[in-house]
Amino acid sequence: AYDGSVTAAGTVSDSKGNLRSIPLNTQSGSGNYNLVAADAGKTILASGNVTFNNSIFSAGDAVTIINNTNGDITITQGSGTALYNSADGSNGSRTLGTRGMASIYFTHNTTGYISGAGLS
């Protein structure tokens, strides 16, 4: 009987790449970056502000953002969205300090929960 187990001798991958690695999406330059659906399951290496817009992600999606600068960047809550800080429950855009890292877990296409180091 098949018990649902899978054993692989080589690399296991899907459309995003190796399942033992988190894909990196490097956004160079100081321009703003709007998160896209393909960013789910990835880390954004940001050199500018990052925006979470309405109806981009689905429940269960997650994105990590790393501030790749010597200054603060803003993680902006787009129109019609809620970005809850899991540290205190407050809702709104966030500042990610120098070399900080934060993850957003989406519970709905308009709702994300954010937590991280250097986040205020």
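Two strands are said to pair if DSSP finds at least two bridges between them. Strands themselves are DSSP runs (E, at least two residues), as helices are (H or I, at least four), and they are numbered from the N terminus. In these terms Thr26 stands opposite Leu45 in β5. The coordinates are those of a predicted model, in which local features need pLDDT of at least 70 and side-chain atom pairs count only at pLDDT 80 or more, whereas totals for chains, interfaces and linings use all residues. Residues are numbered from 1 along each chain as its sequence is written, and side-chain values use heavy atoms, with hydrogens and water left out.

The chain as a whole may be described before its parts. Its secondary structure amounts to zero helices and 11 strands, so that the pattern read along the sequence is β-β-β-β-β-β-β-β-β-β-β. Along the principal axes, the C-alpha atoms fill a box of roughly 50 × 30 × 25 Å. Of the 120 residues, 34% count as buried, a term that stands for under 20% relative accessible area, with exposed meaning over 50% and partly exposed the range in between (1.4 Å probe, protein chains only). The accessible surface comes to about 6,600 Å², and 48% of this belongs to carbon and sulfur atoms; such areas come from the Shrake-Rupley method with a 1.4 Å probe, and for residues only the protein chains shown count as cover. Where contact means heavy atoms within 4.5 Å, 44% of the contacts between residues at least 6 apart in sequence join residues at least 24 apart.

The interior can be considered next. A nonpolar core is a set of buried Ala, Val, Leu, Ile, Met, Phe, Trp, Tyr and Cys residues joined through side-chain atoms within 4.5 Å. The largest such core has 19 residues, of which Leu35, Ile65 and Ile75 touch the most other members. Two or more residues are given to this core by each of β5 (43-46), β6 (50-52), β7 (62-67), β8 (73-77), β10 (94-108) and β11 (111-119). β10 supplies the largest share, four residues. Residues up to four places away in sequence aside, Leu35 touches Ile44, Val50, Thr51, Phe52, Ile56, Phe57 and Val63.

Asn34 is partly exposed, with a relative accessible area of 42%. Beyond its neighbours within four places in sequence, Asn34 is in contact with Thr51 and Asn53. Asn34 and Asn49 lie 15 residues apart in sequence, with 8.5 Å between their C-alpha atoms.

Aromatic rings form another set of relations. Rings of Phe, Tyr and Trp (its six-membered ring) pair if their centres lie within 6.5 Å; planes under 30 degrees apart count as stacked, over 60 as edge-to-face and the rest as tilted. The whole structure holds three aromatic pairs. The pair of Tyr84 and Tyr113 is tilted, because the ring centres are 5.3 Å apart and the planes are at 35°. This pair links distant parts of the chain, with Tyr84 in strand β9 (residues 82-85) and Tyr113 in strand β11, 29 residues apart. Tyr84 also stands opposite Tyr113 in the strand pairing, where β9 and β11 are parallel and share four bridges. Both are partly exposed, Tyr84 at a relative accessible area of 27% and Tyr113 at 38%. Elsewhere, Phe52, Phe57 and Phe106 form one aromatic cluster.

β11 has a further partner in β10. Eight bridges join these two strands, which run antiparallel, and they form a hairpin with two residues between them. Leu119 in β11 is the bridge partner of Leu96.

Two backbone angles complete the account. Most residues other than glycine have a negative phi. Arg99, in strand β10, has a positive phi near 60° and is partly exposed at 46% relative accessibility. Ser55, in the loop between β6 and β7, likewise has a positive phi near 60°.
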